[in-house]
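Work through the exercises below with the sequence and the 3D structure at hand. Try each task before reading its solution.

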Amino acid sequence: MNYFPWLTLIVVFPIAAGSLIFFLPHRGNKVTRGYTIYICVLELLLTTYAFCYNFQLDDPLIQLAEDYKWITFFEFDWRLGIDGLSIGPILLTGFITTLATLAARPVTLNSRLFHFLMLAMYSGQIGSFSSRDLLLFFIMWELELIPVYLLLSVWGGKKRLYSATKFILYTAGGSVFLLIGVLGIGLYGSNEPTLNLETLVNRSYPVALEIIFYIGFFIAFAVKLPIIPFHTWLPDTHGEAHYSTCMLLAGILLKMGAYGLIRINMELLPHAHSIFSPWFMIVGTVQIIYAASTSPGQRNLKKRIAYSSVSHMGFIILGIGSITDTGLNGAVLQIISHGLISAALFFLAGTSYDRIRFAYLDEMGGLAIPIPKIFTLFSILSMASLALPGMSGFVAELIVFFGIITSQKFFLMPKIVITFVMAIGMILTPIYSLSMLRQMFYGYKLFNAPNSYFFDSGPRELFVLISILLPVIGIGIYPDFVLSLSADKAEAIISNFFL
Amino acid sequence: MEHTYQYSWIIPLVPLPVPMLIGVGLLFFPTATKNLRRMWAFISILLLSIVMIFSIDLSIEQIDRTSIYQSLRTWTITSDLSFEFGYFIDPLTSIMSILITTVGILVLIYSDNYMSHDQGYLRFFAYMSFFNASMLGLVTSSNFIQIYIFWELVGMCSYLLIGFWFTRPIAAGACQKAFVTNRVGDFGLLLGILGLYWLTGSFEFRDLFEILKNLIYNNEVNLLFVTLCAFLLFAGPVAKSAQFPLHVWLPDAMEGPTPISALIHAATMVAAGIFLVARLLPLFIVIPYAMNLISLIGIITVFLGATLALAQQDIKRGLAYSTMSQLGYMMLALGMGSYRAALFHLITHAYSKALLFLGSGSIIHSMEAIVGYFPDKSQNMVLMGGLRKHVPITKTAFLVGTLSLCGIPPLACFWSKDEILNDTWLYSPIFATIAFFTAGLTAFYMFRIYLLTFEGPFNFCLQNYSGKKRNSLYSISLWGKEEPKPIKNKFHLVALLTMNNNKRASFFAKKTHRIASTVTNMPFITIFPFGAAKTFCYPHESDNTILFVMLVLVLFPLFVGAIGIPLNQEVIESDILSKLLTPSINLLQQNSTHFVDWYEVVKNPTLSVSITYFGILLAYFLYKPFYSSLHNWNILNFFAKRGPKRILWDKILNFLYDWSYNRAYIDAFYTRSLTEGIRGLAELTHLFDRRVIDGITNGVGITSFFVGEGIKYLGGSRISFYLLLYLFSLLFFLIFLFFFFFK
């Protein structure tokens with residue numbers, strides 16, 4: 001056991017280093033960019049090092065735990081710790097944020113603030129994944145909204161203010177419920193508030209109260225995940241945001257909702273969860289079909305990808321709702337896999353938009369000849385998104401499927417119906433993603449002479465894409481990379497349901 | 001020799017390095033990779049040859065002592081679910097892998113020449129090698145999950161290769177159609193797999209069969225559910241093998257390069273469906289309804305494919321529909337339980353059809369130089385004709401393929417098709433009638449293709465001379481919508497003359513091309529003198545590589561039938577194929593009744609062969625070259641002069657033509673119902689999303705804005721207004737009090 005506060009260091013380091021950006025000498029954007037990337041890489045290496053040497057895979061308990069008194073008045077501690085569930089998202093955060101910073105190199109408008117916000121988000125995300133205290137979780141959750149709002153409203157597209165406002169209202173509205181839930185749980189029962197997650201796990205509540213708490217948390221996470229009908233902020237936000245912001249949003253932010261659902265709704269409120277799980281199944285199935293059938297109607301490229309990620313979130317909901325070991329593992333795997341794939345897709349969409357300056361699919365066409373590398377990678381990643389075997393998405397969806405059919409909670413007929421409808425989503429997915437490819441790249445088109453100097457992707461863009469592609473294929477071929485992290489914890493969570 | 005089996009896991013892995021290296025190379029070192037392009041082709045052929053030798057070795061061992069070998073390794077484990085990865089070697093696997101590798105090697109050699117001027121030469125080889133790898137993975141896989149994985153990978157390769165020439169909008173549509181149609185099949189396959197897993201708790205074939213059989217015999221399982229699962233499972237092969245409701249992608253898939261059509265869409269990938277049904281036959285056989293469904297789908301496809309092939313103008317589409325029909329035969333055979341016949345036909349058909357496609361590729365290559373690089377022209381049989389003189393070797397090869405596919409006795413397909421036809425008699429007379437009739441149709445359409453392509457005058461030039469787009473002399477107008485006009489003898493005289501003039505020129509051109517090709521080892525396109533195109537617009541033979549490949553492939557239809565012919569009349573199962581398949585047949589617990597009544601087998605060929613000959617004669621009669629058989633004129637004119645019957649005949653022909661030209665209206669139906677339906681649904685949900693769900697959000701936003709504005713207006717910090725408000729509310733309160741208390 002070592003007492004070095006690794007997690008505190010990891011959480012605080014980016015934002016602390018980021019605030020130094022403003023003290024850097026004014027030497028143009030280059031210094032800021034270089035510094036930020038340096039910080040990001042250092043942080044990623046630090047995280048990897050800490051987890052490599054201080055994390056035991058076969059231990060489902062909290063590790064690297066830290067506990068410092070912060071506000072003694074109501075027992076609010078700076079309490080951090082990770083387990084098998086959170087290690088995956090934390091590593092994903094480090095990975096995606098580093099790549100997003102690299103992707104954001106073309107940003108020149110007020111780049112110091114931009115990079116500071118990126119680093120602040122880095123801290124907020126890692127903080128919320130690693131906090132072991134409800135109030136701390138809430139604070140981190142909120143901390144990370146402000147950078148997103150600013151990133152959207154300053155560096156976005158034409159309708160950025162509308163989408164930023166929509167985003168902040170939606171998520172702040174969700175956060176109200178989160179706060180209600182946090183305070184409710186914290187103040188229930190004993191005289192002094194308990195916010196420690198460890199002690200809260202073993203508590204039980206009256207059914208009605210538990211359901212109320214559950215609904216509160218559920219709304220907060222449903223906005224974030226998003227679950228229909230709370231999803232409309234997502235296409236607007238993604239359609240307007242800069243693509244590095246999109247990478248963060250799609251890659252990590254959405255996953256916080258899923259993480260919260262597992263961490264709080266499943267772990268703390270198991271009875272309510274088993275009451276609500278049929279609704280999860282229904283909502284998840286409907287979401288897959290609904291978003292997949294909305295997606296072909298989108299003309300905007302980024303919105304189409306955004307709806308595809310809404311559709312893929314349905315698999316996470318189903319995995320969580322199935323209350324099986326397998327399903328939960330599938331959900332965790334889908335968190336990681338979709339984080340990688342959607343980040344890469346948004347990056348590709350952004351880079352091709354930088355070149356052609358068309359946002360609408362029906363204006364595009366014939367891009368395969370001028371930008372063959374982007375075409376290749378776009379094809380590969382669309383295939384990954386439509387769950388081609390050998391890529392991570394397939395494994396995740398397959399495991400979720402198995403989670404549902406092995407689920408003991410449901411009867412045969414509902415299971416058949418749900419599996420059937422889910423599988424229809426499997427037909428709809430290639431329709432939108434392949435027609436997106438077709439409209440963008442296939443065919444031929446003469447471009448106007450002044451605009452027609454396209455560069456194919458350069459080494460930086462290739463690096464970003466390849467480094468996302470490698471884990472996607474790696475997980476697809478050997479999914480135990482991720483499953484070995486989460487399997488024990490998932491088992492521990494599920495075992496709560498059968499006590 | 002146990003270790004041969006032990007190392008057979010490398011079969012799918014051997015061709016894999018090529019696509020990976022080419023992909024990495026093209027992304028990072030494009031110029032260097034492109035400079036070494038011939039070397040990549042060489043490596044991929046070499047690796048595939050290694051696999052071929054390996055699989056031949058395996059099957060030789062299996063002839064001697066039949067064995068099934070299986071090895072498993074865990075892939076991923078969660079607590080209550082473990083996926084395993086392994087390989088499964090049985091005779092079916094070794095037959096399929098020999099088939100894939102032999103056709104694959106020949107097609108790779110062929111496409112080295114065929115694609116040599118294409119920009120995407122390397123991309124092509126990468127896709128091809130990846131396809132070979134995943135196809136080999138498919139045939140060696142040992143459980144359902146593995147099958148599904150490779151099944152999808154194969155489909156993706158097909159998607160990429162159909163859309164290989166991505167600048168063509170038709171190809172872009174075709175590849176998407178192929179993928180989505182196949183995904184519909186995969187949907188069924190996945191659901192079937194899940195259902196069976198739920199029933200039996202196993203993915204592994206043999207365990208699953210055993211458990212399911214016991215469950216059914218002990219009546220422990222809902223038969224309806226099992227049947228549903230089997231039907232769903234069957235949807236996968238239906239899509240992949242282009243069977244009836246999901247066949248629409250196959251003709252469109254001909255947009256891909258011709259070597260692809262030979263390898264993927266004729267010989268191997270479309271046979272994967274047959275392979276899967278053959279693999280799962282122990283499962284289907286315990287569910288009688290499933291077998292009935294399989295044979296029903298088979299017979300529908302046989303007939304539909306044949307009728308659709310009747311009037312195609314595009315040579316490759318004609319062949320594609322023929323493939324569909326032949327696959328239907330195999331499916332029919334499997335549905336009848338005659339495992340051996342289906343596999344036999346699978347092998348013979350693969351080689352014959354690969355030969356036909358490679359021949360058509362050679363023709364297209366020859367035509368492209370004249371009519372331009374445009375599939376509507378270079379593959380159009382209307383513009384061909386009379387190629388016999390110009391491309392003699394291709395013609396010979398194509399003829400062998402055609403004869404084999406028609407089922408003319410010494411050639412390969414005769415033996416296998418005859419076996420299937422024979423088995424249909426035992427199964428059901430109605431099916432047998434249809435199957436026999438379709439055998440005649442097969443002969444008819446194959447010879448129609450052959451005659452239109454190789455016999456008669458060369459129509460592209462003729463078109464130039466006569467100055468008409470489609471001249472009435474051409475016999476395709478027999479199928480046309482316009483009234484067939486009486487044939488004028490003037491035209492073909494002119495044609496004959498010009499042909500004589502130009503033959504010398506084209507002969508000369510061929511000579512120079514031959515010489516040039518030996519010197520520079522480059523295809524002919526550069527040498528062709530375009531300036532003088534008017535005087536010699538005749539196609540010439542393809543390059544030596546292409547011819548070599550076709551000549552090698554000619555040997556297969558000639559001799560591959562031998563593996564299924566009983567060498568020794570007394571002993572049943574003396575042929576190689578039966579020996580090889582004995583364990584699988586035993587697995588099915590079939591006694592070999594089908595082979596006992598050998599006299600039936602001898603008796604039947606007379607019927608089938610005579611039907612075939614009748615079809616060929618009919619084709620000759622309708623599409624015969626005009627100059628060669630003058631004595632038939634009178635008969636045709638005689639036909640032409642008969643009034644009312646002629647009109648009826650035309651009506652029938654027009655109906656058939658429309659039926660075939662419009663693809664039996666199935667494509668139109670799908671477009672109308674499904675594509676439009678999905679578009680409509682997308683629009684609807686999009687509208688719903690925008691107006692209702694987003695509308696509520698925006699409505700809340702706007703309402704709060706107005707409320708805020710209203711409050712701001714009310715609270716405008718004017719004392720007089722506050723006083724007014726205060727007095728008014730006081731007044732209301734007083735009035736209220738007054739009414740309430742003093743009433």
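The exercises below concern a predicted model.

Residues are numbered from 1 along each chain as its sequence is written, and chains are lettered from A in the order in which they are written. In this predicted model local features need pLDDT of at least 70 and side-chain atom pairs pLDDT 80 or more, while totals for chains use all residues, and side-chain values use heavy atoms, without hydrogens and water.

**Exercise 1.** Describe the hairpin of S1(A) and S2(A).

Solution. Step one: locate the strands (DSSP runs of E, at least two residues, numbered from the N terminus). In chain A, S1 covers residues 63–71 and S2 residues 76–82. Step two: find the pairing, which requires at least two DSSP bridges. S1 and S2 of chain A are antiparallel, with six bridges. Asp67(A) is opposite Arg79(A) of S2(A). Step three: inspect the turn. Four residues lie between the strands, and Glu75(A) has a positive phi near 60°.

**Exercise 2.** Is Thr93(B) buried or exposed?

Solution. Thr93(B) belongs to helix H5 of chain B, residues 91–114; helices are DSSP runs of H or I, at least four residues. Step two: apply the cut-offs, with buried under 20% relative accessible area and exposed over 50% (1.4 Å probe, protein chains only). Thr93(B) has 1% and is therefore buried. Step three: list its surroundings. Beyond four places in sequence, Thr93(B) contacts (heavy atoms within 4.5 Å) Phe88(B), Val139(B), Thr140(B) and Arg279(B). A polar atom of the Thr93(B) side chain is 3.2 Å from the backbone oxygen of Phe88(B).

Conventions
A polar contact is a pair of N or O atoms within 3.5 Å; within protein, one must be able to donate a hydrogen and the other to accept it, and residues adjacent in sequence count only if both atoms are side-chain atoms.
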